[in-house]
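Let's take a friendly walk through a protein structure. Have the sequence and the 3D view ready as you read.

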Amino acid sequence: MAQSSTETDWVSRFADEVIAESERRAPGKPVVVASGLSPSGPIHLGNLREVMTPHLVADEIRRRGYEVRHLISWDDYDRYRKVPKGIDGVDESWAEHIGRPLTSVPAPKGSSFPNWAEHFKAAMTESLAELGVEYDGISQTAQYTSGAYREQILHAMRHRGDIDAILAQYRTKKDPKAQAEAQAKKSQKPVDEAELEAAEGSGAAAEDDGTGSAGYFPYKPYCGSCDKDLTTVTAYDDDTTEMTYTCTACGFSETVRLSEFNRGKLVWKVDWPMRWAYEGVVFEPSGVDHSSPGSSFQVGGQIVSIFDGKQPIGPMYAFVGISGMAKMSSSRGGVPTPADALKIMEPQLLRWLYARRRPNQSFKIAFDQEIQRLYDEWDKLEAKVADGTVLPADAAAHSRAARTAAGDLPRTPRPLPYRTLASVVDITAGHEDQTLRILSELDPANPVTDLDEVRPRLDRAESWISTHVPADARTVVRSEPDTELLGSLDDEGRESLRLLLEGLDTHWSLDGLTTLVYGVPKVMAGLTPDAKPTPELKVAQRAFFALLYRLLVSRETGPRLPTLLLAVGADRVRKLLGA
């Protein structure tokens, strides 16, 4: 068996702990880690942390030669709570399904999937495959309706007094949603809707815990008439397992034998610890909503012993924020999903964002200009890995992003800078022949000869430009020279343009044009083109750049000038600069 890694990253530390704990609990058996996802709507990038945290730990354990099961429980037997905003094909008529299992709610209009849960699971399943996440999926609808948990349900009902006593210690605590609202009021800040949504939690952390007028029952049947969970258990007999319930929604009432009844589920704060014991889970993280006093994870740590199980190692993970999501928010009414992120970034970059931060550190995923800086940072990391100058923890994060225990993730054969690709597709509006011409001229000694060399990164950059850069920020090259501006130039301005035009032929590459545009102001100042910049020289360079932007795109800023010049083409540059 492989030995423990000496790396100092958070993943290795948890892997050490999980392996040791698994050997204590179940020597020689597969290590079990778990995640839970509720397909109650689009599964967003905050929910992805619920999966990526155990995935990264499981993958490290696999790399060391151990057998691991990463369970993803699809909480598709949860109740449908509310009609999400901004979902295509969904209107307020879906409100009639509130209280039914997610698998009993119709999918949005036009969907090819049989129900609501399957519709929203599908996009996440596809994204997890692209991210290289290996897991065993478990449908809680299938588990409950097949009777898989029958003994656990009967056991919980027999021990309802013990469970009630544990829950009673916490019933005076505020639920997470109320805490979030109270904190916002105290700080005089608006409630963060994304955090409020997260506070409700997968599995409904703040829902009814089973208390009713007839006593405490940890089981909630779905009504035999309307299929909703607006039911109250009024009587239960431990010996016969006969249970009577009534439905407050439709008035239906019946008596069933729980030892044969499969249309209901344990309440969330009992369901979760029951599953820890049932599956033998050793590691499962939870969001901040599950980690506060009186929350599901804390209470579950006591209830799990009733099922002869142990609480998993359960780090709390922090929120994942989004930068530049205004456009998406207005069109979707919600936060972006992994599928949205994977349209504009390669899987390696998205994995890296989760791998490089400890679970309790919050971070943001960029949908705005910041994505270009993130890609620059990733490319620098790749260069350091290649030349052996990378720090151990950074090397570990890179390795976890670029590959899994099963092998390397597919990658772009020739990863040109994302900002360069974005600038090119911005200017060409995605025209493939034009894009190939420009990319082939970036490095004449080693030209790009086929766009497949720079895919899929090129496609991601094009998607970002077309969906996340506002129309008024797009680059539009002038069709005719700005004769008024050209006519207003003084001798110094005209001479700077002459020097630039004179050097085009001999500097027509990305590196060459970079040297040229930075060098012209140096020559104008009586310096050599390779002179070190001074504060005064930087001012002159900025003024020269602003002039070129105004002449080429009628603005004072734009894509990097060397890329812009290549994209415009030498002949058109000469025309627009008055040659």
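## A hairpin

S7 and S8 make a hairpin with 5 residues between them, and Thr241 in the turn has a positive phi of about 65°. Strand S7 covers residues 231-236 and strand S8 covers residues 242-247; they pair in the antiparallel sense over 5 bridges. (Strands are DSSP runs of E, at least two residues, and helices are runs of H or I, at least four, numbered from the N terminus; strands pair if DSSP finds at least two bridges between them.) Across from Tyr236 you'll find Met243 in S8.

## About the model

This is a predicted model, where local features need pLDDT of at least 70, side-chain atom pairs count only at pLDDT 80 or more, and totals for chains, interfaces and linings use all residues. Residues are numbered from 1 along each chain as its sequence is written, and side-chain values use heavy atoms, leaving out hydrogens and water.

Now look at H1 (residues 10-25) and H2 (residues 45-63): they pack at an angle of about 70°, with axes 9 Å apart. Axes are lines fitted to C-alpha atoms, for helices over the stretch in contact, and angles run from 0 to 180 degrees between N-to-C directions. Contact (heavy atoms within 4.5 Å) involves residues including Trp10 and Phe14 of H1 and Leu56 and Glu60 of H2.

## Glu60

Glu60 sits in helix H2. Is it buried or exposed? Glu60 counts as buried because its relative accessibility is 6% (buried means under 20% relative accessible area, exposed over 50%, partly exposed in between, with a 1.4 Å probe and protein chains only).
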